[in-house]
Amino acid sequence: MTAMASPSLSAASEEQEIALECRNVGKDYFRHNGERVRVVREVDLKLRKGGFLCVLGPSGCGKTTLLNMVAGFEQTTEGDILVGGKPVNGPGPERGVVFQSDTALFPWLTVRENIEYGLRIKGISKAERRKRADEWIEQVGLTQHTSKFPGELSGGMKQRVQIARVLASDPEILLMDEPFAALDAQTRNYLQQELSELCRKSGKTVLFITHDIQEALMLADHIIVMARAPEKNIKAELHVQMPYPRQRMNETFAKLYNRLMDEIDNPFKGSVRSL
Ligand SMILES: Nc1ncnc2c1ncn2[C@@H]1O[C@H](COP(=O)(O)OP(=O)(O)OP(=O)(O)O)[C@@H](O)[C@H]1O
(Lines give C-alpha, C1' and ligand atoms only; values in the text may rest on other atoms or scores of the structure.)
Protein backbone atom coordinates (compact mmCIF):
# COMPACT_ATOMS: atom_id res chain seq x y z
CA MET A 1 0.00 0.00 0.00
CA THR A 2 1.47 3.35 -0.95
CA ALA A 3 0.87 6.53 0.91
CA MET A 4 0.48 9.49 -1.36
CA ALA A 5 -0.43 13.11 -0.99
CA SER A 6 -3.58 14.07 -2.81
CA PRO A 7 -4.48 17.75 -2.95
CA SER A 8 -7.97 17.04 -4.24
CA LEU A 9 -9.65 13.69 -3.88
CA SER A 10 -11.46 12.90 -7.03
CA ALA A 11 -14.04 10.34 -8.04
CA ALA A 12 -13.97 12.00 -11.43
CA SER A 13 -11.33 12.66 -14.02
CA GLU A 14 -11.16 16.17 -15.44
CA GLU A 15 -13.08 15.40 -18.63
CA GLN A 16 -15.99 13.73 -16.80
CA GLU A 17 -19.00 15.78 -15.83
CA ILE A 18 -18.88 16.66 -12.14
CA ALA A 19 -22.14 16.21 -10.24
CA LEU A 20 -20.87 17.19 -6.80
CA GLU A 21 -17.82 19.00 -5.57
CA CYS A 22 -16.69 19.81 -2.03
CA ARG A 23 -13.94 22.40 -1.74
CA ASN A 24 -12.13 22.56 1.58
CA VAL A 25 -15.38 22.00 3.46
CA GLY A 26 -15.40 22.40 7.23
CA LYS A 27 -18.10 22.47 9.89
CA ASP A 28 -17.97 23.66 13.49
CA TYR A 29 -20.49 22.99 16.19
CA PHE A 30 -20.74 24.68 19.56
CA ARG A 31 -21.04 22.52 22.65
CA HIS A 32 -23.51 23.48 25.40
CA ASN A 33 -20.56 25.04 27.33
CA GLY A 34 -19.75 27.28 24.36
CA GLU A 35 -16.71 25.27 23.23
CA ARG A 36 -16.27 25.28 19.48
CA VAL A 37 -15.65 21.87 17.90
CA ARG A 38 -14.67 21.29 14.29
CA VAL A 39 -16.34 18.02 13.23
CA VAL A 40 -15.73 18.21 9.47
CA ARG A 41 -12.31 19.34 8.36
CA GLU A 42 -10.82 20.15 4.96
CA VAL A 43 -12.99 17.88 2.85
CA ASP A 44 -12.09 18.06 -0.83
CA LEU A 45 -13.86 15.71 -3.20
CA LYS A 46 -15.37 15.45 -6.64
CA LEU A 47 -18.08 13.00 -7.62
CA ARG A 48 -18.65 12.35 -11.30
CA LYS A 49 -22.13 12.16 -12.81
CA GLY A 50 -23.41 8.59 -12.51
CA GLY A 51 -20.78 7.75 -9.86
CA PHE A 52 -21.48 5.88 -6.63
CA LEU A 53 -19.41 7.26 -3.75
CA CYS A 54 -19.48 5.66 -0.31
CA VAL A 55 -18.22 7.60 2.68
CA LEU A 56 -16.98 5.14 5.23
CA GLY A 57 -15.83 5.89 8.75
CA PRO A 58 -16.29 5.24 12.46
CA SER A 59 -19.17 6.62 14.46
CA GLY A 60 -18.86 10.34 15.16
CA CYS A 61 -16.35 11.16 12.39
CA GLY A 62 -18.75 13.58 10.70
CA LYS A 63 -20.31 11.50 7.89
CA THR A 64 -23.89 12.62 8.54
CA THR A 65 -22.78 16.21 9.03
CA LEU A 66 -21.10 16.11 5.62
CA LEU A 67 -24.22 14.65 3.98
CA ASN A 68 -26.43 17.22 5.70
CA MET A 69 -24.30 20.01 4.28
CA VAL A 70 -24.53 18.53 0.78
CA ALA A 71 -28.31 18.20 1.28
CA GLY A 72 -28.42 21.86 2.32
CA PHE A 73 -29.85 21.07 5.77
CA GLU A 74 -26.73 22.48 7.44
CA GLN A 75 -24.47 25.35 6.39
CA THR A 76 -20.73 24.93 5.96
CA THR A 77 -18.53 26.86 8.35
CA GLU A 78 -15.78 26.88 5.76
CA GLY A 79 -15.43 26.03 2.08
CA ASP A 80 -17.96 25.48 -0.69
CA ILE A 81 -20.21 22.72 -1.94
CA LEU A 82 -21.22 22.76 -5.60
CA VAL A 83 -23.93 20.63 -7.18
CA GLY A 84 -23.96 20.71 -10.96
CA GLY A 85 -21.49 23.61 -10.68
CA LYS A 86 -23.85 25.73 -8.54
CA PRO A 87 -23.24 26.54 -4.88
CA VAL A 88 -25.48 24.81 -2.35
CA ASN A 89 -27.35 27.31 -0.18
CA GLY A 90 -30.18 25.10 1.05
CA PRO A 91 -32.16 22.00 0.05
CA GLY A 92 -33.08 21.64 -3.63
CA PRO A 93 -35.08 19.28 -5.87
CA GLU A 94 -31.94 18.06 -7.66
CA ARG A 95 -30.90 16.35 -4.39
CA GLY A 96 -33.07 13.56 -2.98
CA VAL A 97 -32.39 12.32 0.55
CA VAL A 98 -33.02 8.82 1.92
CA PHE A 99 -32.72 8.66 5.69
CA GLN A 100 -31.82 5.78 7.98
CA SER A 101 -35.09 5.96 9.82
CA ASP A 102 -38.54 5.36 8.39
CA THR A 103 -39.88 8.38 10.26
CA ALA A 104 -39.40 10.23 6.96
CA LEU A 105 -42.62 8.58 5.71
CA PHE A 106 -46.02 10.08 6.51
CA PRO A 107 -47.82 7.44 8.60
CA TRP A 108 -51.28 8.70 7.58
CA LEU A 109 -50.59 8.25 3.85
CA THR A 110 -50.55 4.97 1.92
CA VAL A 111 -47.49 3.72 0.05
CA ARG A 112 -48.76 5.27 -3.18
CA GLU A 113 -49.73 8.55 -1.50
CA ASN A 114 -46.33 8.81 0.17
CA ILE A 115 -44.63 8.41 -3.19
CA GLU A 116 -47.03 10.82 -4.89
CA TYR A 117 -46.59 13.47 -2.19
CA GLY A 118 -43.41 15.09 -3.55
CA LEU A 119 -44.82 15.02 -7.07
CA ARG A 120 -47.95 16.81 -5.88
CA ILE A 121 -45.82 19.53 -4.29
CA LYS A 122 -44.03 19.90 -7.62
CA GLY A 123 -47.42 20.50 -9.30
CA ILE A 124 -47.40 17.33 -11.39
CA SER A 125 -50.86 16.32 -12.65
CA LYS A 126 -52.82 13.61 -10.87
CA ALA A 127 -52.65 11.16 -13.77
CA GLU A 128 -48.89 11.61 -14.19
CA ARG A 129 -48.35 11.29 -10.42
CA ARG A 130 -50.25 8.04 -10.33
CA LYS A 131 -48.35 6.69 -13.34
CA ARG A 132 -44.92 7.59 -11.96
CA ALA A 133 -45.72 6.36 -8.45
CA ASP A 134 -46.98 3.01 -9.75
CA GLU A 135 -43.92 2.57 -11.96
CA TRP A 136 -41.58 3.08 -9.01
CA ILE A 137 -43.73 0.92 -6.73
CA GLU A 138 -43.25 -1.86 -9.26
CA GLN A 139 -39.51 -1.19 -9.58
CA VAL A 140 -39.05 -1.67 -5.84
CA GLY A 141 -41.33 -4.71 -5.72
CA LEU A 142 -44.19 -3.26 -3.68
CA THR A 143 -47.07 -3.62 -6.12
CA GLN A 144 -48.93 -5.89 -3.68
CA HIS A 145 -48.64 -3.24 -0.97
CA THR A 146 -49.68 -0.06 -2.78
CA SER A 147 -52.63 0.72 -0.49
CA LYS A 148 -50.96 -0.14 2.81
CA PHE A 149 -49.91 2.42 5.40
CA PRO A 150 -46.28 2.57 6.65
CA GLY A 151 -47.33 1.01 9.97
CA GLU A 152 -48.38 -2.12 8.09
CA LEU A 153 -44.98 -2.57 6.40
CA SER A 154 -41.71 -4.24 7.45
CA GLY A 155 -38.55 -2.12 7.92
CA GLY A 156 -37.19 -3.21 4.53
CA MET A 157 -40.45 -2.34 2.79
CA LYS A 158 -40.46 1.10 4.38
CA GLN A 159 -36.95 1.76 3.12
CA ARG A 160 -38.07 0.69 -0.35
CA VAL A 161 -40.91 3.21 -0.15
CA GLN A 162 -38.40 5.93 0.78
CA ILE A 163 -36.19 4.96 -2.16
CA ALA A 164 -39.14 4.87 -4.57
CA ARG A 165 -40.37 8.22 -3.29
CA VAL A 166 -37.00 9.86 -3.86
CA LEU A 167 -36.45 8.27 -7.28
CA ALA A 168 -39.98 9.19 -8.44
CA SER A 169 -39.02 12.86 -8.00
CA ASP A 170 -36.11 12.21 -10.37
CA PRO A 171 -33.31 14.03 -8.50
CA GLU A 172 -29.86 14.25 -10.07
CA ILE A 173 -28.15 13.09 -6.90
CA LEU A 174 -29.30 10.61 -4.32
CA LEU A 175 -28.02 11.29 -0.80
CA MET A 176 -28.34 8.23 1.40
CA ASP A 177 -27.53 8.24 5.11
CA GLU A 178 -27.10 4.64 6.29
CA PRO A 179 -30.46 3.71 4.75
CA PHE A 180 -30.12 -0.01 5.52
CA ALA A 181 -28.43 0.18 8.93
CA ALA A 182 -31.53 -0.75 10.92
CA LEU A 183 -32.40 -3.80 8.79
CA ASP A 184 -31.59 -7.47 9.32
CA ALA A 185 -28.59 -8.80 7.38
CA GLN A 186 -30.63 -10.69 4.78
CA THR A 187 -32.90 -7.75 3.94
CA ARG A 188 -29.91 -5.45 3.88
CA ASN A 189 -28.04 -7.65 1.37
CA TYR A 190 -31.11 -7.91 -0.78
CA LEU A 191 -31.73 -4.16 -0.82
CA GLN A 192 -28.07 -3.45 -1.58
CA GLN A 193 -28.34 -5.57 -4.73
CA GLU A 194 -31.62 -3.91 -5.63
CA LEU A 195 -30.28 -0.39 -5.10
CA SER A 196 -27.13 -1.11 -7.05
CA GLU A 197 -29.16 -2.36 -9.99
CA LEU A 198 -31.62 0.56 -9.86
CA CYS A 199 -28.84 3.12 -9.78
CA ARG A 200 -26.94 1.53 -12.64
CA LYS A 201 -30.13 1.34 -14.73
CA SER A 202 -31.15 4.93 -14.01
CA GLY A 203 -27.61 6.37 -14.14
CA LYS A 204 -28.15 8.21 -10.85
CA THR A 205 -25.27 9.79 -8.98
CA VAL A 206 -25.14 8.59 -5.37
CA LEU A 207 -23.47 9.77 -2.18
CA PHE A 208 -23.96 6.98 0.35
CA ILE A 209 -22.96 7.10 4.01
CA THR A 210 -22.15 3.90 5.85
CA HIS A 211 -19.92 2.45 8.54
CA ASP A 212 -20.24 -1.02 6.99
CA ILE A 213 -17.19 -1.97 4.88
CA GLN A 214 -19.00 -4.82 3.10
CA GLU A 215 -21.84 -2.51 2.15
CA ALA A 216 -19.41 0.05 0.71
CA LEU A 217 -17.67 -2.67 -1.31
CA MET A 218 -20.95 -4.06 -2.63
CA LEU A 219 -22.14 -0.66 -3.86
CA ALA A 220 -19.45 1.88 -4.56
CA ASP A 221 -17.14 2.59 -7.44
CA HIS A 222 -15.28 4.97 -5.15
CA ILE A 223 -14.86 4.87 -1.37
CA ILE A 224 -13.44 7.50 0.92
CA VAL A 225 -12.47 6.73 4.49
CA MET A 226 -13.03 9.46 7.05
CA ALA A 227 -11.21 9.82 10.37
CA ARG A 228 -12.38 11.33 13.62
CA ALA A 229 -11.18 14.71 14.89
CA PRO A 230 -8.68 16.22 15.27
CA GLU A 231 -7.16 15.00 12.00
CA LYS A 232 -8.08 16.15 8.53
CA ASN A 233 -11.24 14.16 7.69
CA ILE A 234 -10.37 12.17 4.61
CA LYS A 235 -7.59 9.74 5.28
CA ALA A 236 -7.83 7.28 2.39
CA GLU A 237 -9.57 6.62 -0.89
CA LEU A 238 -10.19 3.53 -2.95
CA HIS A 239 -11.41 3.13 -6.51
CA VAL A 240 -13.31 -0.15 -6.64
CA GLN A 241 -12.96 -1.83 -9.98
CA MET A 242 -14.87 -5.06 -9.33
CA PRO A 243 -17.66 -5.63 -11.88
CA TYR A 244 -21.34 -5.51 -10.88
CA PRO A 245 -23.27 -7.40 -9.62
CA ARG A 246 -20.69 -8.04 -6.94
CA GLN A 247 -20.00 -11.18 -4.95
CA ARG A 248 -18.95 -10.97 -1.31
CA MET A 249 -17.20 -14.29 -1.27
CA ASN A 250 -14.32 -13.75 -3.65
CA GLU A 251 -10.64 -13.04 -3.21
CA THR A 252 -10.63 -9.46 -4.47
CA PHE A 253 -13.52 -8.57 -2.19
CA ALA A 254 -11.74 -10.08 0.80
CA LYS A 255 -8.48 -8.28 -0.04
CA LEU A 256 -10.15 -4.89 -0.34
CA TYR A 257 -12.14 -5.57 2.82
CA ASN A 258 -8.92 -6.18 4.76
CA ARG A 259 -7.26 -3.05 3.37
CA LEU A 260 -10.21 -0.91 4.39
CA MET A 261 -10.35 -2.57 7.79
CA ASP A 262 -6.65 -1.77 8.35
CA GLU A 263 -7.19 1.79 7.26
CA ILE A 264 -10.09 2.34 9.64
CA ASP A 265 -8.20 0.74 12.52
CA ASN A 266 -4.86 2.49 11.96
CA PRO A 267 -4.04 5.93 13.27
CA PHE A 268 -4.00 8.63 10.63
CA LYS A 269 -0.56 9.12 9.08
CA GLY A 270 -0.88 12.68 7.86
CA SER A 271 -1.47 12.36 4.11
CA VAL A 272 -4.34 10.86 2.15
CA ARG A 273 -3.67 7.25 1.23
CA SER A 274 -4.65 5.71 -2.03
CA LEU A 275 -5.54 2.09 -1.31
N1 LIG B 1 -26.09 19.70 16.19
C2 LIG B 1 -24.94 19.32 16.76
N3 LIG B 1 -24.40 20.04 17.76
C4 LIG B 1 -23.24 19.69 18.33
N5 LIG B 1 -22.51 18.62 17.98
C6 LIG B 1 -23.01 17.86 16.99
C7 LIG B 1 -24.25 18.16 16.32
N8 LIG B 1 -24.47 17.20 15.38
C9 LIG B 1 -23.43 16.36 15.43
N10 LIG B 1 -22.55 16.74 16.40
C11 LIG B 1 -21.28 16.09 16.73
O12 LIG B 1 -20.51 16.03 15.55
C13 LIG B 1 -19.78 14.82 15.48
C14 LIG B 1 -20.08 14.15 14.15
O15 LIG B 1 -21.43 13.72 14.12
P16 LIG B 1 -22.04 12.95 12.86
O17 LIG B 1 -23.44 12.60 13.19
O18 LIG B 1 -21.81 13.75 11.64
O19 LIG B 1 -21.12 11.65 12.83
P20 LIG B 1 -21.28 10.29 12.02
O21 LIG B 1 -19.94 9.95 11.49
O22 LIG B 1 -22.39 10.40 11.06
O23 LIG B 1 -21.66 9.27 13.19
P24 LIG B 1 -22.62 7.95 13.16
O25 LIG B 1 -21.94 6.96 12.27
O26 LIG B 1 -22.62 7.53 14.60
O27 LIG B 1 -23.97 8.40 12.67
C28 LIG B 1 -20.18 14.00 16.68
O29 LIG B 1 -19.18 14.14 17.65
C30 LIG B 1 -21.46 14.64 17.16
O31 LIG B 1 -21.61 14.52 18.54
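Predicted model: local features only at pLDDT ≥ 70, side-chain atom pairs only at ≥ 80, totals over all residues.

Colleague: Great. Which residues surround the ligand?
Modeller: The shell is made of Tyr29, Val39, Gly57, Ser59, Gly60, Cys61, Gly62, Lys63, Thr64, Thr65 and His211.

Colleague: Which element gives the largest share of that shell?
Modeller: That's helix 1, residues 63-71, which contributes three residues.

Colleague: And how does the shell divide into nonpolar, polar and charged?
Modeller: Seven of its residues are polar, three are nonpolar and one is charged.

Colleague: New topic: where is Arg228 found?
Modeller: Arg228 sits in a loop, with strand 11 (222-226) on one side and strand 12 (234-239) on the other.

Colleague: What does Arg228 contact, leaving aside its neighbours within four places in sequence?
Modeller: Pro58, Gly60 and Cys61. Gly60 and Cys61 also belong to the residues around the ligand.

Colleague: Why does Arg228 count as partly exposed?
Modeller: Because Arg228 has 15 C-beta neighbours inside 10 Å. A residue needs 20 or more to be buried and 12 or fewer to be exposed, so that count falls in between.

Colleague: How far apart are Arg228 and Arg248 in space?
Modeller: They are 28 Å apart, C-alpha to C-alpha, with a separation of 20 residues in sequence.

Colleague: Okay, on to helices. At what angle do helix 2 and helix 3 pack?
Modeller: Helix 2 (residues 111-121) and helix 3 (residues 126-139) pack at about 130 degrees, and their axes are 9 Å apart. That angle makes helix 2 oblique to helix 3. Their crossing is right-handed.

Colleague: Which residues meet there?
Modeller: From helix 2 you have Val111, Arg112, Ile115, Glu116, Leu119 and Arg120, and they meet Arg129, Arg132, Ala133, Trp136 and Ile137 of helix 3. In that contact, six residues are nonpolar, five are charged and none are polar.

Colleague: What about helix 2 and helix 4, how do those two pack?
Modeller: The angle between helix 2 and helix 4 (residues 155-168) is about 30 degrees, with the axes 8 Å apart. That makes helix 2 roughly parallel to helix 4. This crossing is right-handed too.

Colleague: And which residues meet in that pair?
Modeller: Val111, Asn114, Ile115, Gly118 and Leu119 in helix 2 touch Val161, Ala164, Arg165 and Ala168 in helix 4. By class, that contact has six nonpolar residues, two polar and one charged.

Colleague: Thanks, that helps me find my way around!

Conventions
Residues numbered from 1 in each chain as written. Axes fitted to C-alpha atoms, helices over the stretch in contact; angles between N-to-C directions. Helix = DSSP H or I, 4+ residues; strand = E, 2+ residues; numbered from the N terminus. Parallel < 35°, antiparallel > 145°, perpendicular 65-115°, else oblique. Left-handed = near helix turned anticlockwise from the far one by under 90°. Contact = placed C-beta atoms within 7 Å. Nonpolar A, V, L, I, M, F, W, Y, C, P; charged D, E, K, R; others polar. Near = placed C-beta within 6 Å.
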